[in-house]
Amino acid sequence: MKIIRKGNPKQIECSKCGSVLEYEVKDIHKQQVNMNKYCNYVTCPVCENEIKVD
Ligand SMILES: [Zn+2]
């Protein structure tokens with residue numbers, strides 16, 4: 001199997017300011033959303049909105 005794209009940034013649109021952001025794994029941080037659930041987020045550099053990513 002060949003790796004066609006490795007480590008390429010993913011894109012997501014900020015729901016608050018509409019900026020399209022390119023993010024990498026290193027940009028993702030985890031935030032606790034309740035007792036035993038954590039979600040991945042990136043921070044929009046324009047408006048500092050926390051955007052949930054997969
Ligand atoms: Zn934004």
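**View 1. Four cysteines hold the zinc ion.** In this predicted model, the zinc ion is coordinated through the SG atoms of Cys14, Cys17, Cys44 and Cys47. The coordinating distances run from 2.3 to 2.4 Å. The site is tetrahedral, with angles of 105 to 114° among the four donor atoms.

**View 2. The zinc donors follow a C-x2-C-x26-C-x2-C spacing.** Cys17 and Cys44 link distant parts of the chain, 27 residues apart. Cys17 sits in the loop between β1 (10-13) and β2 (20-23). Cys44 sits in the loop between β4 (37-43) and β5 (50-53).

**View 3. Cys17 is partly exposed, whereas Cys44 is buried.** Both residues coordinate the zinc ion. Cys17 has a relative accessible area of 35%. For Cys44 the relative accessibility is 1%, so Cys44 falls under the 20% limit for buried residues.

**View 4. Asn40 lies in strand β4.** Is this residue buried or exposed? Asn40 counts as buried because its relative accessibility is 19%, and buried means under 20%.

**View 5. The side chains of Asn40 and Lys30 meet in a polar contact.** The contact spans 2.9 Å. Leaving aside residues up to four places away in sequence, Asn40 touches Ile28, His29, Lys30, Ile51, Lys52, Val53 and Asp54.

Note on methods:
Residues numbered from 1 in each chain as written. Predicted model: local features only at pLDDT ≥ 70, side-chain atom pairs only at ≥ 80, totals over all residues. Heavy atoms only, no water. Donors = N, O, S within 2.8 Å, 3.2 Å for Na, K, Ca; no water. Tetrahedral: all angles 85-135°; square planar, octahedral: opposite > 155°, others 65-115°. Helix = DSSP H or I, 4+ residues; strand = E, 2+ residues; numbered from the N terminus. Buried < 20%, exposed > 50% of the residue type's maximum accessible area, 1.4 Å probe, protein only. Polar contact = N/O pair within 3.5 Å; in protein donor to acceptor, adjacent residues only side chain to side chain. Contact = heavy atoms within 4.5 Å.
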